[in-house]
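Thanks for coming, everyone. Let me put the chain up and walk you through it.

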Amino acid sequence: MSEIEDALKSGKWIEKKNKDGKVYYQNKGDSRTKEKTMWATAFKKWLKDNPIGDDGGGKESAAKPAAKGGKQTKPEKTTTSDSDPIQLALKSGKWIEKKNKDGKVYYQNKGDDRTKEKTMWEPAFKKWLKDNPPPGAGSDTPAKKPSGKAAAAKPGKETTSANDPIQAALSSGKWIEKKNKDGKVYYQNKGDSRTKEKTMWATAFKKWLKDNPIGDDGGGKESAAKPAAKGGKQTKPEKTTTSDSDPI
């Protein structure tokens with residue numbers, strides 16, 4: 001008799017299927033784990049470490065299927081060494097998964113005070129989690145799924161050495177990215193008191209941020225090329241105080 005059949009025979013587990021016909025197992029009285037449900041693969045693995053009749057503590061691993069009759073959500077990963085750090089972060093309740101209007105996945109910070117970043121693209125989030133693994137399995141509450149069309153502000157990158165200073169500036173809320181009528185990108189000051197400049201071309205902005213990184217409230221050398229006002233006639237930008245400011 002297989003381990004799963006032993007578990008079913010014990011009366012502590014029952015076999016069920018979600019609306020897509022995928023098999024999972026429901027805990028009806030096995031006190032060796034707090035998990036209420038497990039997918040078949042996770043259940044087999046857990047039973048290997050915790051065979052029926054063994055009341056000793058074993059390593060818990062559970063993937064949680066959708067509630068019966070409800071919309072299927074992505075199963076939570078197991079708490080074993082091969083767990084997906086993104087799933088653990090979602091399970092902690094401190095991050096949620098979203099998509100922008102183009103369907104690109106990003107993650108929104110809902111309470112992880114280890115970073116000031118509010119949003120991260122999936123590759124950046126994976127890299128950040130590698131250096132900052134989620135604290136255990138966290139909360140038992142599954143990650144919330146977005147309802148309707150997710151509004152997507154451009155996610156900021158992670159606060160690593162490879163962080164783009166422009167993304168950090170945008171993430172701070174003190175600058176916004178715009179384009180003039182010719183499609184040329186510039187940046188508008190929405191509250192950075194370290195400079196009196198209201199707008200800067202991309203090249204000048206990058207150089208200015210190099211001398212004045214976000215989070216540095218000290219005064220740095222100002223350099224700004226002023227683009228045309230949106231919708232107005234484009235005028236030649238004021239010459240910046242740097243050697244490589246953008247000419248028209």
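One term before we start: buried means under 20% relative accessible area, exposed means over 50%, and partly exposed lies in between, with a 1.4 Å probe and protein chains only. This is a predicted model, where local features need pLDDT of at least 70 and side-chain atom pairs count only at pLDDT 80 or more, while totals for chains, interfaces and linings use all residues. Residues are numbered from 1 along each chain as its sequence is written, and side-chain values use heavy atoms, with hydrogens and water left out.

Now the overview. The chain has six helices and nine strands. Those are DSSP runs numbered from the N terminus: helices are H or I with at least four residues, strands are E with at least two. Of the 248 residues in the chain, 37% are buried. Contact here means heavy atoms within 4.5 Å. Take contacts between residues at least 6 apart in sequence: 40% of them join residues at least 24 apart.

Three strands make an open sheet, ordered β1-β2-β3, with antiparallel pairing. The edges are β1 (13–17) and β3 (37–39); each has a single partner strand, so one side of each is left without a neighbour in the sheet. From one strand to the next, the twist averages 30 degrees. Two strands count as paired if DSSP finds at least two bridges between them. β1 and β2 (residues 23–27) are antiparallel and share five bridges. One of the pairs is W13 with N27 in β2. Five residues separate β1 from β2 in this hairpin, and in the turn G21 has a positive phi of about 85 degrees.

What packs on this sheet? Helix α2 (residues 40–49) does, touching β1, β2 and β3. The direction of α2 makes about 105 degrees with that of β3. Axes are lines fitted to C-alpha atoms, for helices over the stretch in contact, and angles run from 0 to 180 degrees between N-to-C directions.

Which residues of α2 are buried? A42, F43, W46 and L47. They cover an arc of only 135 degrees around the axis, which puts them on the same side of α2. That arc is taken from the directions from the helix axis to the C-beta atoms. T41, K44 and K48 are exposed on the other side of α2. The buried residues of α2 pack against α1 (3–9), β1, β2 and β3.

Next, the core. A nonpolar core is a set of buried Ala, Val, Leu, Ile, Met, Phe, Trp, Tyr and Cys residues joined through side-chain atoms within 4.5 Å. The largest one has 10 residues, including I86, W95, V105, Y107 and W128. Two or more residues come from each of α3 (85–91), β5 (105–109) and α4 (122–131). A second, separate core has nine residues, among them L170, W175, Y187 and F205.

Stay with β5. Five bridges join β4 (residues 95–99) to β5, and the two run antiparallel. I96 has Q108 in β5 as its bridge partner. The β4–β5 hairpin has five residues between its strands, with G103 in the turn at a positive phi of about 85 degrees. β5 also pairs with β6 (residues 119–121), antiparallel, over three bridges. There, Q108 has T119 as its bridge partner. And V105? Leaving aside neighbours within four places in sequence, V105 is in contact with E97, K98, K99, W121 and E122.

The axes of α5 (residues 165–172) and α6 (residues 202–211) come within 9 Å and cross at roughly 85 degrees. α5 and α6 are therefore roughly perpendicular to each other. On this scale, angles under 35 degrees are roughly parallel, over 145 roughly antiparallel, 65 to 115 roughly perpendicular, and the rest oblique. P165, I166 and A169 in α5 meet A202, F205, K206 and L209 in α6.

The valine is V185, in strand β8 (residues 185–189). V185 is partly exposed, with a relative accessible area of 23%. The C-alpha atoms of V185 and A202 are separated by 6.4 Å, and the two residues are 17 apart along the chain. Beyond neighbours within four places in sequence, V185 is in contact with E177, K178, K179, W201 and A202.
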